[in-house]
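Please look over the sequence and the structure shown here before reading on.

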Amino acid sequence: MANSSAPSRDRIVAGAADLISRRGLNAASIREVAKHAKAPLGSTYHYFPEGKQQLATEAVRYAGQAVAGILRKELDAGPVAGLRAFLALWRGIVVESDFRAGCPVLAVSVEEPPADETPPALVAAAEAFQEWERLLVETLCAHGADAEQAPGLAALVVASVEGAIAMSRAERSMRPLDQVARQLESLIVGAVGRPDRRGESSGRSGGGTGVEGRRRTG
């Protein structure tokens, strides 16, 4: 996810997203993020004067927007194509990291927030999930799914894929994601009554590493 040729600030944000996807938010200190992104520590504090929460919030937004961009493009061919692209993205990240990296949005979501406080990174994570769901709902409805059923199906897609990512990392096997993929595709085809026009080609994973690599090549 980190790219040494990117502008320093963008490289730090991408590096933070990648590190959070591997270690979680609590283990990703500003110093570790700077090291991971190959950026000067002073520059990191300069760009993010509010500290770790500001950086984490921007990292989650970056990841959420990158995934949304891929979904937006692939969903033009229909909900099955979008699902396959969503799955291929995470499959590539998990496999290419040797099961060390997952979804930074999920990583932030599952950590305990401070008492009596909702951190902005957690708000950003909720907004990312909601945007992915919204994109799926729009396409499902546009392709004939029942308007009352579509929101639940979209939530099921996001929740199932995110959970399967965690299970695949734990098992060091893509079996959970593969099983979830088959079930979700069947549900979507049943909801819209037909497959997409793109067919099997939507399952390609693209090149590069991490969310940023797939956003560039998608």
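## The end of helix α7

Just after α7, G144 takes a positive phi of about 105°. Helices here are DSSP runs of H or I with at least four residues, strands are runs of E with at least two, and both are numbered from the N terminus.

## Basis of the model and overall make-up

This is a predicted model, in which local features need pLDDT of at least 70 and side-chain atom pairs count only at pLDDT 80 or more, whereas totals for chains, interfaces and linings use all residues. Residues are numbered from 1 along each chain as its sequence is written, and side-chain values use heavy atoms, with hydrogens and water left out.

The protein has ten helices and zero strands. Of its 218 residues, 49% count as buried, where buried means under 20% relative accessible area, exposed means over 50%, and partly exposed lies in between, with a 1.4 Å probe and protein chains only. Among contacts (heavy atoms within 4.5 Å) between residues at least 6 apart in sequence, 68% join residues at least 24 apart.

Just after α1, G24 takes a positive phi of about 90°.

The axes of α1 and α2 come within 8 Å and cross at roughly 110°, which makes α1 roughly perpendicular to α2. Axes are lines fitted to C-alpha atoms, for helices over the stretch in contact, and angles run from 0 to 180 degrees between N-to-C directions; those under 35 degrees count as roughly parallel, over 145 as roughly antiparallel, 65 to 115 as roughly perpendicular and the rest as oblique. In this contact, R11, I12, G15, A16, D18, L19, R22 and R23 of α1 meet E32, V33, H36 and A37 of α2. By class, the contact of α1 with α2 has five nonpolar, two polar and five charged residues, with Ala, Val, Leu, Ile, Met, Phe, Trp, Tyr, Cys and Pro counted as nonpolar, Asp, Glu, Lys and Arg as charged, and the others, Gly among them, as polar.

## Helix α7 against helix α8

With 23 residues, α7 reaches 33 Å from its first C-alpha to its last, close to the 33 Å expected at 1.5 Å a residue. Its buried residues include A121, A128, W132 and T139, and the cover over the buried residues of α7 includes α4, α5 (79–96), α6, α8 and α9 (175–192).

The axes of α7 (residues 120–142) and α8 (residues 150–171) come within 8 Å and cross at roughly 130°, which makes α7 oblique to α8. The contact is made by residues including F129, W132, E133 and L136 of α7 and P151, L153, V157 and E162 of α8. By class, the contact of α7 with α8 has 13 nonpolar, no polar and two charged residues.

E74 lies in helix α4, and at 8% relative accessibility E74 counts as buried. The C-alpha atoms of E74 and R84, ten residues apart along the chain, are separated by 8.7 Å.

Note on methods:
Expected span 1.5 Å × (residues − 1).
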